[in-house]
Amino acid sequence: MFKKLYLIYGILVLGSVAYAEYRGLSLDSMNQLKNVPKSVRDNPGSYRSVYSSYHHYTGGK
Amino acid sequence: MSSGQPPIQGIPKPQVKALNCPKCGAAITLRALGQAISVVCPSCHSILDAKDPNLRILQEFNKITSIDPPLIPLGTRGKIRGTDYEAIGFERRNIKIEGVRYHWHEYVLFNPYKGFRYLTEYQGHWNDVAICKELPIIDSRFSIPLEANYFGELYKHFQTGDANTDFVLGEFPWEVRVGEQARVTDYIHPPRVLSSERMSNEITWSIGEYIYGKDIWSTFHLPGSPPQGVGIYENEPSPFNTNITSVWKAFGFFAIGLLALMIGFDAGSKKEPVFHSSYQLNRGEPKGEGSFVTNTFLLGGRTSSVEVATSAGVQNDWIYVNYALINQDTGQAWDFGREVSFYSGYDSDGSWSEGKQDDTVVVPSVPPGKYYLRIEPEADASHSTIVYTVDVKRDVPVTAFYGIGFLALLIPAILVTWRSVSFERSRWSESDHPPSPIFNTENS
């Protein structure tokens, strides 16, 4: 019984990996936006990144 | 197995003979007429010689049956392996191991054509037992039994002990006695058990097969439900064991499949460089708001990934770049920030370093079209001049998926192996050959 389940599960895993690769999915996090105004091209400062003012690491050992 | 309660038409009913107990006068019914050696009076529990027409008393035994009544009442019928049997005898036996006395029960089943068969029960674990048709070949070293070969099947030695009979009821095909002692040796090949019983100079071999209580209940139409099996019995079939090798074979097959996918996608992906440019963030330039856009570049082909790589020659410094990958025509955008930082030095532990001077990020499922990047670099207020490079590639494979897929396949295989090993360790911990502990805690 477990072997059958494992076979189905394994096929699903391989299928998922193949699908992710084919569709070009990624594990990196990012924000997707729609309808960004074309004026950004002429005035880049008008665009507000959701990632700005990120708290950066400034240390070292 | 299936039911066989009332006598089936065509199959003759066992011959019965009614007699009276010479001790208490209670009626005794002999079911295995001519084949039973002993019979126990159901009233006073005197053990009588079934061959003696006057039922000579072999042993008097006044213990009350209600202390430990048989779970299958004598006279109950059931079909085992296609044959109708009637429960005609019951005995309770015990074995003393390391000062602890363990009790089990044995039932004598009888069919006038097929003869005797036995059922044993220990803490809810049942075995269907028959006398061996052939003498097993024993492999022993220094008179310690190791293995038994029965019809080409190897049975591992499990336990040897002295069994005592402490209660009997019904009819038996041997001269039964309370207090009867036998040297019992069990060899196992789950779900089967091969047992030898030595009494003085006589050795009897029997072969048993594990049977679930629910099947016994169904066969004998017993009321209620069978007692739950306690722990793991010596020949209880492992729910995992049979699958282990095949699971690892399947895992190997899937791992090869995963590798083939990785090679295939790596060979098939374009990894096409579509943009490359270097920039400079000058010393003292204000933090943030230094945003700009790149030239447009074409992302061709089908919807696939886009890799954005940032490399910067930072030394004990950092740069943070806010990116937006924007489709010039549709306005669709992916917004993300990446940091490149690298620190190194020397202290009492020696030299050290932390971080990297490059970074890559994969933007998922980007449709084909004309795109540009909006870039907004940030750095520490006191930063030195930082030169950084941005590279964009179309259709890159993500190797992390294969790592996740490999782990997803490996974890269930490890879990089921672990459970199987635990099951076998529990089984053998009750044997004469207990497994050595995995973690030795004696010295801790």
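Because the model is predicted, local features need pLDDT of at least 70 and side-chain atom pairs count only at pLDDT 80 or more, while totals for chains, interfaces and linings use all residues. Residues are numbered from 1 along each chain as its sequence is written, and chains are lettered from A and ligands numbered from 1 in the order in which they are written. The predictor gives the complex an ipTM of 0.82 and a pTM of 0.69.

**Confidence and overall make-up**

- Chain B has a mean pLDDT of 86, with 88% of its residues at 70 or more; pLDDT is the predictor's confidence in each residue, from 0 to 100.
- Residues 1–11 of chain B are a stretch to read with care: pLDDT stays under 50 there, and the model has 20 contacts for them beyond four places in sequence. Two residues are in contact if their C-beta atoms, placed from the backbone, lie within 7 Å.
- Chain B holds three helices and 27 strands; helices (H or I, at least four residues) and strands (E, at least two) are DSSP runs, numbered from the N terminus.
- Of the 444 residues of chain B, 33% count as buried. A residue is buried if 20 or more other C-beta atoms lie within 10 Å of its own, exposed if 12 or fewer, and partly exposed in between, with C-beta atoms placed from the backbone.
- Among chain B contacts between residues at least 6 apart in sequence, 62% join residues at least 24 apart.

**Nonpolar cores**

- The largest nonpolar core has 52 residues, and Val17(A), Ile319(B), Tyr323(B), Ala324(B), Leu325(B) and Val363(B) have the most contacts inside it. Such a core is a set of buried Ala, Val, Leu, Ile, Met, Phe, Trp, Tyr and Cys residues joined through C-beta atoms within 7 Å.
- Strand S22 (residues 317–327) of chain B supplies the largest share of this core, eight residues.
- A second, separate core has 33 residues, including Cys41(B), Leu48(B), Leu71(B) and Phe220(B).
- Leu325(B) touches Val306(B), Ala333(B), Trp334(B), Val363(B), Tyr371(B) and Leu373(B), leaving aside residues up to four places away in sequence.

- Four strands of chain B make an open sheet with antiparallel pairing, in the order S18-S27-S21-S25. Two strands pair if DSSP finds at least two bridges between them.
- Strands S18 (272–281) and S25 (358–366) of chain B stand at the edges with a single partner strand each, so one side of each is left without a neighbour in the sheet.
- Inside this sheet, S21 (residues 304–312) and S27 (residues 386–394) of chain B pair in the antiparallel sense over seven bridges, and Thr310(B) stands opposite Val390(B) in S27(B).
- Val306(B) lies in strand S21 of chain B and counts as buried because it has 25 C-beta neighbours inside 10 Å.
- Val306(B) and Lys393(B) are 87 residues apart in sequence, yet 5.7 Å apart in space, C-alpha to C-alpha.

**Strand S26 and its partners**

- Eight of the 11 residues of strand S26 (residues 369–379) of chain B are buried, so S26 is largely enclosed by the rest of the structure.
- S22(B) pairs with S26(B) in the antiparallel sense over nine bridges, with Ala324(B) opposite Arg374(B).
- Strand S20 (residues 297–299) of chain B also pairs with S26(B) in the antiparallel sense, over three bridges; there, Phe297(B) has Tyr371(B) as its bridge partner.
- Strand S19 (residues 292–293) of chain B forms two bridges with S26(B), again antiparallel, and Val293(B) has Arg374(B) as its bridge partner.

**Where the chains meet**

- The contact takes 58 residues from chain B and 42 residues from chain A.
- On the chain B side, strand S23 (residues 333–347) gives the largest share, 10 residues.
- That side of chain B divides into 32 nonpolar, 17 polar and nine charged residues. Ala, Val, Leu, Ile, Met, Phe, Trp, Tyr, Cys and Pro count as nonpolar, Asp, Glu, Lys and Arg as charged, and the others, Gly among them, as polar.
- Strand S1 (residues 31–33) of chain A is joined to S23(B) by three bridges and runs antiparallel to it, with Asn31(A) opposite Asp335(B).
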